[in-house]
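Please look through the model below with an eye to its sheet, its packing and its charged pairs. The paragraphs that follow take these topics in turn.

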Amino acid sequence: MQTEINPIACAGEILKEAQKVCDDFGLHSLKPTIKSINNFSEQNHYLDYAVLGQFKVGKSSFLNSFIGQPLLPVGNIPVTSVITRLRFGTEEKATVIFLNGSSQEISVSEIESYVSESGNPENRKEVHLVDIESRVMADIKEIRLVDTPGIGSIWRHNTETTTGWFPETGGVLFLISAERPISDSELSLLKDVYRYTPQIAIIITKTDLYTDEKLREIEAFTSGAIRKSLDCDFPIFRYSAFANTDIFNAIIKERVLLPAALNRDEIFARVLQHKIAALVDSCLSYLDIAYQASLRLESEKSKLKKVILGEHLNSHFIRHELLLIIKSYKEKNRESIGEYLAAFRQEVEEKLYQDYENAFPTWKGNLYQVTRQFEDWLKESLGKQLKEIILQEEKTFELLDALQKHLSFYLKSFRQRLNTNLEQVLGVQMKMEDWDIGLKEMKKPDISISRTFDFHLDMLWFLFPMSIFRGVFRRYFRKQIPYEVEKNLHRLTSSLNVRVNKEMDQMMEQALAYMNEELHVMERLLAENQGDSKYISERMDKIKSMLPER
């Protein structure tokens, strides 16, 4: 009887062998996965349960409700910008760990200034993560709950932070809003997560908005969509932060987190084995291509390459197709963004008018001084409102999200064409993996306020005593508001258009880089000669023998 191999004990050896395979055969795309699995295998104490989902699905609200304390910032715009971990501690405190490795203990009241997009925009404070300790976690000491920035936010650093955490995840609480059916992007995200852990529970939030009958329909639809997409089932739980919250908390703790805490070592080993199995499958799929190619005569190699890497899979053809795709999206950008921002104009003006009527009576001094106060007020107030629009960025996200989906479809089509050719010629297929097309960081545009007077009339303030002309200038200042709103909305339109176009170019280059790298790998693998057949076969047998039975 074969002795069962401890996956934790053999993990290091498998990862070393996988690293050697990547080095020997140029499989650079697998190296980040190896590194992340290595990091996971070295964890000794906790099992991290990440709370994942699209942005604005209610992850931070869920965690606040679950622990019974408003420790994490919530809002109507994407809020969380860095990883936040909650674990047991004898006293309530938080520790900020920075990218340079240093740390700083803070009070829980300061957490928002480090983890939120408003308190720490674009992660300027260079925070790696924040650890929060709470006595509430006493009965699940072995578990850390991980709050992540939402996927799908326009800010690339948010999406990158979360997707970069996937490989080191032990378990996942995957949140889906009951307000909308599970989307293709959520299914894609779920598929990505499943590559790294089988410990997944689906939590449908905002269930207080629907009847029990409607919720059963939502659950059935969600379960069916997951089964169709991933060919597996995950437990589904209901949740609301506003009704029956204690009951929902108790159910999730009893059925998911407590069993995980009680069986931490067993589940940790199972998850590690799952991660390594996925890595080994990818390695073997590439090695099989090299092996089958090595069996062919050298005289056949040129013909094989021509068939496998056909005219529709060369870099010139691919770049031409991508340029056509990008061009079609760019043609829609400025008009779409302009129409979107124009819809905010009346709302912005009315709010400024209202704030102006409250602010003007507080301005003191002569005409010059009041003019400067007006300009400062307008820049600050208009800037604040336009910043809120920028933070939402629904139109730019919509445009880039549409392109992301199109490029993802194109990448998938590319790999399917390559796979079809490989199967026809060599009788093998690659392991199909999704490529992540990310968004580069996009800076916020500045707000520009013109001088109130075309010439320096305010310098002649002594000719216009405010005690007499205050009402005149009050009306004059008010009339400047629509012009400044229109001007800055136009500037914002131009700025967003430039940013989106630049981002689209970068996304295209990223997609092209993925495909070119894959084509280069194929060329290297197809170049293996007959003398290498035995060597490749031995490498495949070695890595297979190291993997525990599944």
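Which residue in β6 does V51 stand opposite? The residue that V51 faces there is D147. The structure is a predicted model, in which local features need pLDDT of at least 70 and side-chain atom pairs count only at pLDDT 80 or more, whereas totals for chains, interfaces and linings use all residues. Residues are numbered from 1 along each chain as its sequence is written, and side-chain values use heavy atoms, with hydrogens and water left out.

The strands β1 and β6 pair in the parallel sense over 5 bridges, where pairing requires that DSSP finds at least two bridges between two strands. Helices (H or I, at least four residues) and strands (E, at least two) are DSSP runs, numbered from the N terminus. In general, strands of a sheet pair through backbone hydrogen bonds, in either a parallel or an antiparallel way. Here 9 strands make up an open sheet with mixed pairing, in the order β4-β3-β5-β2-β6-β1-β7-β8-β9. Because β4 (103-106) and β9 (236-238) stand at the edges, each with a single partner strand, one side of each is left without a neighbour in the sheet. From one strand to the next, the twist averages 25°.

Helix α7 (residues 212-230) lies across β7 (171-177), β8 (200-205) and β9, and runs at about 155° to β9. Helix α8 (residues 245-262) also packs on the sheet, where it touches β1, β6, β7, β8 and β9, and its direction makes about 145° with that of β9. For such angles, axes are lines fitted to C-alpha atoms, for helices over the stretch in contact, and the values run from 0 to 180 degrees between N-to-C directions.

The interior can be described through nonpolar cores, each a set of buried Ala, Val, Leu, Ile, Met, Phe, Trp, Tyr and Cys residues joined through side-chain atoms within 4.5 Å. Buried means under 20% relative accessible area, exposed over 50%, and partly exposed in between, with a 1.4 Å probe and protein chains only. The largest nonpolar core has 130 residues, and those with the most contacts inside it are F62, L145, L173, L322, L426 and M522. Helix α15 (residues 466-526) gives the most to this core, with 19 residues. Leaving aside residues up to four places away in sequence, L426 touches I289, Q292, A293, R296, L304, I308 and L526. Apart from the core of 130 residues lies another core, of 20 residues, which includes I83, I176, I182 and L230.

The charged pairs come last. A salt bridge is counted when a side-chain nitrogen of Lys or Arg is within 4 Å of a carboxyl oxygen of Asp or Glu, and by this rule there are 31 salt bridges. R144 forms one with D48, their closest N and O atoms being 2.6 Å apart. Since R144 lies in strand β6 (residues 143-147) and D48 in strand β1 (residues 47-52), the pair ties together parts that are 96 residues apart in sequence. Both R144 and D48 are buried.

Within helix α12 (residues 345-359), E349 and R345 lie 4 residues apart, about one turn of the helix, and their side chains meet in a salt bridge at 2.9 Å, N to O. E349 is buried at 12% relative accessibility, whereas R345 is partly exposed at 29%. Finally, E17, D24, R539 and K542 are linked in a network of salt bridges.

How values were computed
Contact = heavy atoms within 4.5 Å.
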